[in-house]
Amino acid sequence: MSSSNRFKRAASISLLVGLGLSVAQAANQVPENENLPDLTALSVEQLMNLDVTSVMKVPTDVSHVPAAIYVLSNEEIRRTGATSIPEALRVVPGLHVAKVDGNKWAVSVRGFSSQFVNKLLVLVDGRSVYNPLFSGVWWDQQDVMMDDIERIEVIRGSGASLWGANAVNGVINIITKSAKDSQGGLLASHVGNQRYGGGIRYGADLGDDAYLKVYGRHAEYGDSKTLGDANSAGDEGQLSKIGFRYDKAIDISNKLSLQGDAFLGESNGAPQSFPYLSSHLTPVTAPPYSRLLPTSQLFSGHYIQGRWEQHQGADSNTVLRLYWDRHSRKSPYLDSEYQIDNVDIDFQHNYKIDRHLLVWGSGVRFNLNNFQDSAQIAMLANNRTDRIYSLFAQDDITLVPDRWRLTLGSKLEHNPVTQFEVQPNARLLWTPNEQQSFWGSVSRAVRTPNWVEQNISYSLQTRPPVGDGAANPANPALIRGLVGNPDLTAEKMIAFELGWRGQLHRQLSVDVALYHYSYDDFASLSPNALDTTHIGASYLLQTVSYSNYGQVKVYGGEISADWQVNEDWKLRATYSHEEEQFRLSSTAPAFTTMTSGDSYPANKAMLWSMFQLTPQLQLDLNWRYSDAASIDAARPRAYQDLDGRLAWDVGSGVELALVGRNLLNSYHFEYGSDMFSTATAVQREVYGTLRWQF
């Protein structure tokens, strides 16, 4: 990172500081996080009683949630030293986080690790941030200001009965702080040998129960190295973002919230081999047949969301939410780009009667796509609009007070591809005493086909003719391509889960979960007939299409334990094991393949030590281990590494910290190459952070 760039970024941060200070109005300020507990300071008993919302869609304490859930608090995020969301998620039990290159990530749970993982739903304040092109998440553009996150709720297991398609293997719900809980100023920055950035936030009390916060942030990540190469990969990235949130209590029964942001970024990537083309699916028939191109991407976007909550009484409330999200991404080297607009409206009603807690709601989402084709890639529908309608209902029934609870629910969705999809679930919770709870569930979830699987036409590779010379009709070149299948059907999954939470001692708690997933109609790739109609032009065309011939079983278990060794020292240990069985149905055409096998590490472990050395000094050490996993042709090895953070509370709201990452190895690889990304080394790095509350 050059000194001139650092100067520009420092100027940007200064501008953001000035902007934040000039627009904010400070009146009747209250201390930040006045109502939020410091989760690292809570006893394990208090941790068991924390309220979460992602599993039941209403506040429910963790000990009474019949699902595998983990809550990552703002304080824990700060103690990881993370400057991005994927880094913070590394400490979540059972979650697999792999760094692809300098700015891209693969985040998955319970199988199928991929940069474009399509079975994990990610929400920010209830707003889905998945991309309908591939049903996954661009983590490089989900750059929420870390100090502005209240908590992250992670569900391991299906959440489809409430959240719908894509919530197959898990749900990550990132919940930011309200404007009321963000009063005053906050400046956070970091600088090191691989990263640089910072942000400013200012919250103001506008009076009459109205609060406003504004924020701005810039982050930049340095380049790294490609697999087996000591040279720079050119995979640096950067992102700038500004945003706001406004919260107002209109009266004792009605609350209004408006929020939004806009971002602009660049995600560079190491060169990747692309076929040399004269036009789409048409190879140049003379050497060279391929060329190396950077995988750089430019992206931008914005969103605005409104939320209105009304309490009709102590046992009834409704929530209406509307948001519009737009983002675009461009590949200058492939001369291709897209723009996607998501408009979502949903309504929810919570009602309590006798032993029933009823939650029901409905919604509609419009996904609008505009895609610009290039010689390398095209979409068979450049402009496409999907309308998705949904209706859900769930009843949480108290069978025996303080002992047995049964939860029944289902979501009904209508989409333009597979029409109606039903995703029911049943969960049973038994709490024999205040220290222990057992739960079990059975659920059905589906993953509907995305636009890439249905509409893409992509030139994968050109195989030169025999002898590697110029092609001719008697010795043609062969171009391989990937084409979508508009008749693709949904993947179906039946899940069985068992869990136990126990407080073995006032200072020791354990959480165990077991699962068995059975997938049918799993996505596969089947070859089409060889196209010889271009033989006169000296080439043949061989395409493969998405199909549904896969049958997969995934099973495993996760265990995590929290031990409050003494008042100043807490330990957290986690371990997870996962097994996968892949097979093709007997009707699959010859040479059909599945590409997700062996992509998820069988064993993962973590030990996190959080030590309060003195009232002013904190020391955090995080050791992690991951088995080897295979992505494409690259095979990252098993690795273990250590992160460390030493923080000093200077006083007057100022904290300084020194963070070291990947301290055991100068570099290691966590992922292989993927479509539009080339794996690069995860390097050892050191950076300092400054956090000032004023």
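Leu 399 counts as partly exposed, at 38% relative accessibility, and is found in strand 24. In this predicted model, Leu 399 contributes to a nonpolar surface patch of about 480 Å², together with Val 400, Trp 404, Leu 428, Trp 430 and Phe 438.

**Nonpolar surface patch**

- Strand 24 (383-400) and strand 26 are the elements that give two or more residues to the nonpolar patch.
- Leu 399 lies in strand 24, and its relative accessibility of 38% places it in the partly exposed class.
- Trp 404 is likewise partly exposed, with a relative accessibility of 33%.
- Trp 430 has a relative accessible area of 34% and is therefore classed as partly exposed.
- Patch residues must have over 30% relative accessible area; Trp 404, at 33%, and Trp 430, at 34%, both belong to the patch.

**Aromatic pairs and cluster**

- A pair of aromatic rings is described by the distance of the centres and the angle of the planes.
- The structure contains 20 aromatic pairs.
- Phe 522 and Phe 582 form an edge-to-face pair, with 6.2 Å centre to centre and 85 degrees between the planes.
- Because Phe 522 lies in strand 31 (residues 508-527) and Phe 582 in strand 33 (residues 569-584), their pair ties together parts that are 60 residues apart in sequence.
- The two phenylalanines fall into separate accessibility classes: Phe 522 is buried, at a relative accessible area of 2%, whereas Phe 582 is partly exposed, at 27% relative accessibility.
- Both rings belong to one aromatic cluster, which also contains Phe 112, Tyr 515, Tyr 517 and Tyr 519.

**Charges over rings**

- Phe 112, a member of the aromatic cluster, has Lys 119 lying over its face, at 4.8 Å from the ring centre.
- At Trp 138, the charged end of Arg 329 sits over the ring, 3.8 Å from its centre.

**Salt bridges**

- Side chains of opposite charge can pair when their charged atoms come close.
- The count of salt bridges comes to 40.
- Glu 75 and Arg 78 meet through their side chains in a salt bridge, with an N to O distance of 2.7 Å.
- Glu 75 and Arg 78 are separated by about one helical turn, because they stand 3 residues apart in helix 3 (residues 74-80).
- Glu 87 forms a salt bridge with Arg 661, and their closest N and O atoms are 3.3 Å apart.
- The bridge of Glu 87 and Arg 661 links distant parts of the chain, from helix 4 (residues 85-89) to strand 37 (residues 654-661), 574 residues apart.
- Glu 87 is buried, with a relative accessible area of 6%, as is Arg 661, at 7% relative accessibility.
- Asp 643 forms a salt bridge with Arg 624, in which the closest N and O atoms are 3.0 Å apart.
- Asp 643 in strand 36 (residues 639-651) and Arg 624 in strand 35 (residues 617-626) are 19 residues apart, and their pair links distant parts of the chain.
- Asp 643 and Arg 624 are both buried.
- A network of salt bridges links Glu 87, Arg 661, Asp 643 and Arg 624 with Arg 90, Arg 195, Glu 670 and Glu 685.

**Open sheet**

- Strands of a sheet pair through backbone hydrogen bonds, either parallel or antiparallel.
- An open sheet of 5 strands shows mixed pairing in the order 3-8-9-6-7.
- Strand 3 (68-73) and strand 7 (127-128) are its edge strands, each pairing on one side only.
- Strand 3 and strand 8 (residues 149-156) run antiparallel and are joined by 6 bridges.
- Leu 72 has Ile 152 as its bridge partner in strand 8.

Definitions and conventions
Residues are numbered from 1 along each chain as its sequence is written. This is a predicted model: local features need pLDDT of at least 70, side-chain atom pairs count only at pLDDT 80 or more; totals for chains, interfaces and linings use all residues. Side-chain values use heavy atoms; hydrogens and water are left out. Rings of Phe, Tyr and Trp (its six-membered ring) pair if their centres lie within 6.5 Å; planes under 30 degrees apart count as stacked, over 60 as edge-to-face and the rest as tilted. Buried means under 20% relative accessible area, exposed over 50%, partly exposed in between (1.4 Å probe, protein chains only). Helices (H or I, at least four residues) and strands (E, at least two) are DSSP runs, numbered from the N terminus. A charge sits over a ring if NZ of Lys or CZ of Arg is within 6 Å of the ring centre and within 35 degrees of the ring normal. A salt bridge is a side-chain nitrogen of Lys or Arg within 4 Å of a carboxyl oxygen of Asp or Glu. Patches are made of residues with over 30% relative accessible area and no salt bridge: like charges are joined within 9 Å, nonpolar side chains (Val, Leu, Ile, Met, Phe, Trp, Tyr) within 5 Å. Accessible areas come from the Shrake-Rupley method with a 1.4 Å probe; for residues, only the protein chains shown count as cover. Two strands pair if DSSP finds at least two bridges between them.
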